[in-house]
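Reader: Hey, I've just opened this one and I'm new to it. Can you walk me through?

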Amino acid sequence: MAEQQQFHLLLGNLMSPDNTVRKQSEETYDNIPGQTKITFLLQAVRNASAAEEVKQMAAVLLRRLLSSSFDDIYPGLPLDMQSAIKSELLLGIQTETSPSIRKKVCDVAAELSRNLIDDDGNNQWPEVLKFLFDSVSSQNVDLRESALHVFWNFPGIFGNQQQHYLEVIKRMLVQCMQDQANPQIRTLAARAASSFVLSNENNVGLLKHFADLLPGILQAVNESCYGGDDSVLKSLVEIADTAPKYLRPHLEPALQLSLKLCADTSLTSMQRQLALEVIVTLSETAAPMLRKHTSIVAQSIPQMLAMMVDLEEDEEWAMADELEDDDFDSNAVAGESALDRIACGLGGKVVLPMIKQHIMQMLQNPDWKYRHAGLMALSAIGEGCHQQMESILNEIVNFVLLFCQDPHPRVRYAACNAIGQMATDFAPTFQKKFHDKVISSLLQTMEDQSNPRVQAHAAAALINFTEDCPKALLIPYLDNLVQHLHVIMVAKLQEVLHALSFTTFPSYGHRGPESVLEAEGVNLIGLAVGKEKFMPDAAAVMQLLLKTQTDFNDLEDDDPQISYMISAWARMCKILGNEFQQYLPVVMGPLMKTASIKPEVALLDTQDMENMSEDDGWEFVNLGDQQSFGIKTAGLEEKATACQMLVCYAKELKEGFVDYTEQVVKLMVPLLKFYFHDDILSGLSHQCHFHKSSESMPLLLECARVRGPEYLTQMWHFMCDALIKAIGTEPDSDVLSEIMHSFAKCIELMGDGCLNNEHFEELGGILKGKLEEHFKNQEVRQAKRQDEDYDEQVEETLQDEDDSDVYILTKVSDILHSVFSSYKEKVLPWFEQLLQLIVSLIDAHRPWPDRQWGLCIFDDVVEHCSPSSFKYAEYFLRPMLQSLCDPSPEVRQAAAYGVGVMAQFGGENYTPFCREAIPLLVGVIQAADSKSKENVNATENCISAIGKVMKYRPECVNVNEVLPHWLSWLPLNEDKEEAVHTFNFLCDLIESNNPIVLGPDNTNLPKIFLIIADGFANESVKREDGCSKRLANVIRQVQVSGGLWTECVSTLNETQQKAIQDLLNTA
């Protein structure tokens, strides 16, 4: 008894406002054995004389204990104790008089039920099911409410008996939703029905069977909202997000209700925003379904715009630094976000015609709030309406620029916002077409000294504009930019200095930097003007940047100055090249500190989440089943920036970075594991780009080479396992493709022996999985094309998904290429586990990208694994020859390259196939449109393949007959790699005085000069290529015979003559 009283005291202390008392109590509580905790907590919950807050705390802790430590504690309890816990919980629900405690006991019962469903779906607590059925039909309202609460909390409570009880569950929910006397029962029944639907989101038959509950849910949404409760409305948003097709039979009334609630200004802002969220969410999760109800969408857009006008006058606005936290919940921000999302979800074809007229009217309204909202709306729809807005961009830009001179500062701010957004959404077309108007407008707006916030936003728009602006367009404006920015910097306007990226220096006719932020900006000019012009000032800038170094330890993890400084150093590294190495000892400390920030993460019950504030930098994603994932995002963007800069240093400095490779590898490799469930990734606004860690791997190996093979191998061993595991587990396709690319580069760099048997086994399984997933995804897309909601916008989405899939396929090909090129024939037994999947890729019925990449993989097998490759000839030779005539140029190119490597590396077995290929190759080359943009690469590979057959397998072709034709097809200008092969063969022929190539009395030499000149002018041959010297020697031999030289040079135009001279000077 004394122990129990002590425990009650401990529970009270856990709620103490005194931090010390609370912390000590938490330590004491944590040290109590789990089984003892369960007993004490349950006794506290059931103790009628205990204070209510103590009982509440005990119930919360008991639920949490069952949630987090069930497997560690409960199975070890004696059976009679397990039975007692179950009985006490059910008794507690039936006898507890306090509604809030009763609800918490229901939560505990639901949590215990969740854990008592075994692997086969059997509920090990049949009494709880009996309790549910008895309570839901009881006359006692409290019991009915409790049963619904347990079912809402854990809708999977019936386990494998669910199908058996389906009609009973449905009848129970319908009956409760029709309880006219008790509105709280109707509300809870609607929430329970929604929860059940969500937990069965993939069970199409069940969703159809329960479709007639939806009108009751909608009625409860309406009633509860006007009763001040938005819980059922939140459930409707979840259904729209997770099981949108459930709404299809009653979509029109669901949309009408959402529209009505959104438009009702008597409701709270949060309720109106939630109602709008139903429509907006459906635009993302069920766009084709929603596009059939365009009249509702058209009516919802004015509601979004009306929300965006809901702004307050604020005298302090012009001087404020950022949005206040509560601004993020405002109607204006919600309306703008909704517009952005619905435009992206439904597409510009649907949204732009609906909104264009509204925006034009708003921009002409005398009230500044309407003009502001109109401009912000224009910014919001840019991404989603990209294609449709591009054709009227001129009209839009001219109109928006007028508002840079609007009398109201917040309208000028919105105009800058629209320009900055368009500069991003429509780059680089926007920059090329409007550079003159936009730069002058923004510079003028930046002169507004009395409104620093407008100035800062104009500067931010200018940064957006310059980031994607071709250098050549920007250079004429540099002087003007520098003059304007100098004036602002001298005025010490912190807002602009934080946002700005340009300044002035003596070399450019103005005074030197006056602050650290000027130095942060000046290196952008350094990048623009180049190392030579910038060098006189570089040391001064670097010293200035380093002066701030000591303050780093005093800054918060997410202080924006950190990113500015880190980016500034990296730009200096790009400008200075190897000369930056001297500064590494000073800059690497803070950079590594920032890159090492460890984010706090937590898996929480939804109820626990409510105790943690998003204001403290936490973001949450609902994982369903009453669980949420939280991540504290402070410092994550700075961490991502720092990782990006480490990649930059490794890339720029190469062996100059070797002293830091070990510590950077130790930092980067664990980041490969920094991934979350894809639902979490898509739900978090701070998706840090930790794929930079994978990008760094081959660069770091490159840096480490200088330390010798042993050091290099140790480093590779540290990376290799993590890279392979990341390929197997990374959910984000963009990050995955980066990791796969880096892994392939690493294997090429490390070569034969870099993978052991375990690596090969794991890699084989992963690549097999990726290929199987590729085929499965194609089947899923084909099924979607048969869906009743299929339309052209769905097809666009499916094409995007297909492109993403094909990109991963290219990375599979990259990895196989690196393995084949490193391991040669030894790797073929390992490859055989993938063989049938690769053969499936080249089936004639597959889409052309599959056939292209399947052929590329077999090309690598022939190139690197011959003569053994011939044992697979039955699988790929016939498809490869047939593919020479494929309608797709990409497939023809892969097939032609294959013929070339057969001739060069394949061996005698391939001779008949090379012979058979020649007329097919000639047919492709001589086709009327063979040199068109889309066909030229395939054609050039055919020309190169014929050259390789003549060079390596002359017995397959009448060389004397084909050679004059081949000569007439040169030079190759697009495929630089194949151009080198053709030029080397041409040199062979010339050096051996081939009479057909040289012609009688060297009459073909002017033609050869022309081929060489064009090849060098188009950079088909580079100075460093071995054949450059050979070509130069050919020219020099002609140079000494005066008449012939004059004849050859006279046929060349000025560009060609210069190319010949450049070749002679450099080779």
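Author: Let's start with Pro698, which is found in helix H37 (residues 692–704). Helices here are DSSP runs of H or I with at least four residues, strands are runs of E with at least two, and both are numbered from the N terminus. Keep in mind that this is a predicted model, where local features need pLDDT of at least 70, side-chain atom pairs count only at pLDDT 80 or more, and totals for chains, interfaces and linings use all residues. Residues are numbered from 1 along each chain as its sequence is written, and side-chain values use heavy atoms, with hydrogens and water left out.

Reader: OK. Is Pro698 buried or exposed?

Author: Pro698 counts as buried, because its relative accessibility is 11%. Buried means under 20% relative accessible area, exposed means over 50%, and partly exposed is in between (1.4 Å probe, protein chains only).

Reader: And what does Pro698 touch?

Author: Leaving out residues up to four places away in sequence, Pro698 touches Ser742, Lys745, Cys746 and Leu749. A contact means heavy atoms within 4.5 Å. There's also Lys651, 47 residues from Pro698 in sequence, with a C-alpha to C-alpha distance of 9.6 Å.

Reader: Let's zoom out. How many helices and strands are in the chain?

Author: The chain has 54 helices and three strands. Of its 1067 residues, 55% are buried. If you take the contacts with a separation of 6 or more, 71% are between residues 24 or more positions apart.

Reader: Now helix pairs. At what angle do H13 and H15 cross?

Author: Helix H13 (residues 231–242) and helix H15 (residues 269–285) cross at roughly 10°, and their axes come within 8 Å. The axes are lines fitted to C-alpha atoms, for helices over the stretch in contact, and the angles run from 0 to 180 degrees between N-to-C directions. H13 and H15 are therefore roughly parallel to each other. For the cut-offs, under 35 degrees is roughly parallel, over 145 roughly antiparallel, 65 to 115 roughly perpendicular, and the rest oblique.

Reader: Which residues in H13 and H15 meet?

Author: From H13 you have Leu233, Lys234, Leu236, Val237, Ala240 and Asp241, and they meet residues of H15 including Leu274, Val278 and Leu282. By class, this contact of H13 with H15 has eight nonpolar, three polar and three charged residues. Ala, Val, Leu, Ile, Met, Phe, Trp, Tyr, Cys and Pro count as nonpolar, Asp, Glu, Lys and Arg as charged, and the others, Gly among them, as polar.

Reader: Speaking of charges, what's the count of salt bridges?

Author: The count comes to 39 salt bridges, where a salt bridge is a side-chain nitrogen of Lys or Arg within 4 Å of a carboxyl oxygen of Asp or Glu. In one of them, the side chains of Glu795 and Arg785 meet at 2.8 Å, N to O. Glu795 lies in helix H41 (residues 792–823) and Arg785 in helix H40 (residues 757–785), so the pair ties together parts 10 residues apart in sequence.
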